Amino acid sequence: MNTFAGRSALAAAAALAIFVAPGVAAAAAAPNLHGDPNTPGTQVQVESEPGDSNSYTCGAVGVAGAGVGSNSSGGAGQVNGAYFGPGPVQGGCVGSDGSVYFPTGNAE
């Protein structure tokens with residue numbers, strides 16, 4: 001029974017590494033959703049990680065509104081919409097390379 005349990009644990013660890021490793025690599029290049037407290041009004045921006053050459057088109061829905069926007073390659077861009085106050089947002093983004101991400105952030 002110990003041999004079976006050991007082999008099962010090894011197989012589970014190998015399967016986990018296969019599924020987790022691509023997600024870890026992809027998460028490093030995922031876009032960020034955040035607000036800008038220095039800009040008047042509540043809003044959301046999409047921003048690429050440093051070194052990420054992709055542009056992203058994103059939609060963001062939160063407790064206080066929704067919007068759609070994009071950013072330039074490696075930069076930040078406005079998610080245009082109606083945000084009636086600060087709060088958490090859930091986004092869906094498609095990169096210029098076809099990658100798909102679901103980042104979370106805050107409207108500020």
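Me: What makes the one aromatic pair in this structure count as a pair, and why is it called edge-to-face?
Reply: The structure holds one aromatic pair. Rings of Phe, Tyr and Trp (its six-membered ring) pair if their centres lie within 6.5 Å, with planes under 30 degrees apart counted as stacked, over 60 as edge-to-face and the rest as tilted. The centres of the Y56 and Y101 rings are 6.0 Å apart and their planes stand at 70°, so the pair is edge-to-face. This is a predicted model, in which local features need pLDDT of at least 70 and side-chain atom pairs count only at pLDDT 80 or more, while totals for chains, interfaces and linings use all residues. Residues are numbered from 1 along each chain as its sequence is written, and side-chain values use heavy atoms, leaving out hydrogens and water.

Me: Why is the pair said to tie together parts that are apart in sequence?
Reply: Y56 lies in strand 3 and Y101 in strand 7 (residues 100–101), so the pair links parts 45 residues apart in sequence. Strands (E, at least two residues) are DSSP runs, numbered from the N terminus. Both Y56 and Y101 are buried, a term that means under 20% relative accessible area (1.4 Å probe, protein chains only).

How values were computed: Helices (H or I, at least four residues) and strands (E, at least two) are DSSP runs, numbered from the N terminus. Buried means under 20% relative accessible area, exposed over 50%, partly exposed in between (1.4 Å probe, protein chains only).
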